[in-house]
Amino acid sequence: MEDDPNDAALIQSTLEAGGIACATTRVQGHDDFVAALERGGIDLILSDFSLPAFDGLSAVEIARTGWHDLPIILVSGPLGEERAIDSLKSGATDYVLKERLAQLVPAVRRAMQEVEERTRNRRTEVALQETQQRLRIVFSESPLGIALVGVDGLPVLTNAALQKMLGYTDEELCRMPFTDFTHTDDCAKDMELYQQLIRGTRRSYQIEKRYIRKDGRMVWARLSVSVAREAAGRVKFAIGMVEDITDRRHLEAQFIAAQKMEVLGQLAGGVAHDFNNILGVIMGYSNLITSSLGPESPLRKYAEEILHATERAAGLTRQLLVFSRKQTVQPVVIDLNDVLTDMDKMLRRLIDENITMTIIPGKQTGHIKADPGYVGQVLMNLVVNARDAMPNGGKLTIATNNVTLDDNYADAHTGIIPGDYVMFSVSDTGTGMTDEVKARLFEPFFTTKPKGKGTGLGLATCQTIVQLSGGHIVVDSQLGKGTTFKIYFPRVEQPLDVAVKPIQTGPLPRGTETLLVVEDEPSVRHLARGVLEAQGYEVLSASNGQDALNVARGHKGSPIRLVVTDVIMPLMDGKVMAEWLKTTNPGLKILFTSGYTDDVIAHHGVLETGFAFLSKPYTPAILARKVRTMLDNEPGTTFLRKQDVTINQSQ
């Protein structure tokens, strides 16, 4: 801005001579000056201090109002010191006297460098603000919990994910050392690693630990910790990244449990057949000896002890198979109150005289779909556990009731589906359990009973049985105050299934029909034949399916009415043999028996509806009654499972 064209030309030539190539626009008044600024494209303003209709200070004021980054240098005649200071205070970048134009080029270079530096600084500041904004978004929106923790262990800042994970507000967390919400068993290890981090002997660490939420619930988390240091190397704060791995931990526990079940299943399935054959022989002959001895015989109690030991061994095998899910569940629609009524006397025989047992059946309880034998097994296991928890006596209460579980309950209990359930509870006033015991309660082979008093399979079996029926178990126990087990079965609206007629007691039924016993294990074959012959039957025997066909062809006496056959045998299995026999004798009745696990037998098709099946080991009484029932042609086919056999050993 210059009113003298000669001065303007001199200024431009001075700049060019100093190596500054530029295009200039000369204006003289206020309006032209503002118009030039508004058009843009200006990098530097050179202005005379005094003009006829305008002045340099006004130009500075206008430039600083709307174009504050634009450098402005006053190029003028002599200025007093006071006026020069005023111009710089007003916002002028510099001033150069016309009589000293040699100073103009350095002044312009300084001004342009300042512009570039301010531009860089502004860009850096904008980038920093954008970075900070992005970091704030990452911090606040991250699905991982994040905490900045001081060297004293107090959180300085926490994000929303961590607050939600632990149930505390940021203000609450920042008043608590992290040890306050860490599980006591994990505090020492976490603190040791943290101190190593602060001392500089460790750059970072990662652990899996447990936090305790504000509501008392436990959260498993993977914690990754590193430090932020100042320029001098001193630790400023630690950065903790927290991932909730509670669900993963539950899945891992389920996977490990499934692996254990698979191993147990393979073990149990591998020995079940031979072991059940052995138990069947011991059980059968023990029953025969006991029956033949009078009540006053000194040998009777020895025989009874052998029988009881065999029953316990059979029960252990059954529990292994149930727990490892090697037996097929056959659910029917039942009423829990009916099950309790049927088992009342049996349950009372399990408890000691110093224990008072009360049964409180619910009114109009709904129906459930479950295997009644397995439900009875759950009841017996829980009652036995309650008895053992009250060595000095106490109260045992069994109750049933209809319950509805809502979404809140389902949220608090993993894997539970809201809906209508029928619940039965078993409560005792015994010793109760610690939290550590409750945490391992359903773990296979875990027991708190003295050596020889428990296998550690009872509750594991209960849980498996209940889960197979779509239910779940909840345990409430306080040390010294007792324990309550609540078992929930999904309620169904279907009518009750026709109940299976109970096995009768009293003298064993007799007959004169001709029977064929097919069994590859000689001791089992001889026992079955001897039991049936003792009841008056004519009994033929064979060691396998092929042998049985030969025996049947060679038999010249009265027709064979019923075949008792093992399922799996060498040369020819029981089902194939039965089909061959039925081609010449369509009315022939077949009773299959086996000590193999149900999944193995199922491959041979004898667990299908319409086949009579008897699990080993069985008692002489059960075999005799089953044979008589089939010969008398009672309608329907009754499947006797291993649990039925155990419950009725004395019959």
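These are my notebook entries on a predicted model.

**Confidence**

I checked the pLDDT before anything else. The protein averages 84, and 87% of the residues score at least 70. Residues 499-503 fall below 50; beyond near neighbours in sequence, I find seven contacts for this stretch. Residues 634-651 also stay under 50, yet the model gives them 56 contacts beyond four places in sequence. I treat both stretches with caution.

**Sheet**

Next I traced a sheet. Five strands make it up, in the order β5-β4-β8-β7-β6. The sheet is open and its pairing is antiparallel. From one strand to the next the twist averages 30°.

I looked at one pairing in detail. Strand β4 (residues 145-149) joins β5 through three bridges, in the antiparallel sense. Leucine 148 has leucine 157 of β5 as its bridge partner.

Which helix lies across β4, β6, β7 and β8? I found α8 (residues 184-199) there, running at about 150° to β6.

**Cores**

I then turned to the nonpolar cores. The largest has 38 residues. Leu382, Leu396, Phe424 and Phe489 have the most contacts inside it. Several elements supply at least two residues each, among them α11 (336-350), β12 (394-405), β13 (419-428) and β15 (482-492). Helix α12 gives the most, with eight residues.

I listed the contacts of phenylalanine 424, leaving aside its neighbours within four places in sequence. They include Leu336, Val378, Leu379, Leu382, Ala399, Phe485, Ile487 and Phe489. Thr400 and Lys486 are also on the list.

A second, separate core has 24 residues, including Met165, Phe181, Leu193 and Val225.

**Aromatic pairs**

I counted seven aromatic pairs. Phenylalanine 33 is buried at a relative accessible area of 4%, and phenylalanine 54 is buried at 8%.

Tyrosine 168 and phenylalanine 181 form another tilted pair, 6.5 Å centre to centre with 45° between the planes. Tyrosine 168 is in the loop between α6 (160-166) and α7 (170-173), phenylalanine 181 in the loop between α7 and α8, so this pair links parts 13 residues apart in sequence. Both residues, tyrosine 168 and phenylalanine 181, are buried. With Tyr211, they form one aromatic cluster.

Definitions and conventions: Residues are numbered from 1 along each chain as its sequence is written. This is a predicted model: local features need pLDDT of at least 70, side-chain atom pairs count only at pLDDT 80 or more; totals for chains, interfaces and linings use all residues. Side-chain values use heavy atoms; hydrogens and water are left out. Two strands pair if DSSP finds at least two bridges between them. Helices (H or I, at least four residues) and strands (E, at least two) are DSSP runs, numbered from the N terminus. Axes are lines fitted to C-alpha atoms, for helices over the stretch in contact, and angles run from 0 to 180 degrees between N-to-C directions. Contact means heavy atoms within 4.5 Å. A nonpolar core is a set of buried Ala, Val, Leu, Ile, Met, Phe, Trp, Tyr and Cys residues joined through side-chain atoms within 4.5 Å. Buried means under 20% relative accessible area, exposed over 50%, partly exposed in between (1.4 Å probe, protein chains only). pLDDT is the predictor's confidence in each residue, from 0 to 100. Rings of Phe, Tyr and Trp (its six-membered ring) pair if their centres lie within 6.5 Å; planes under 30 degrees apart count as stacked, over 60 as edge-to-face and the rest as tilted.
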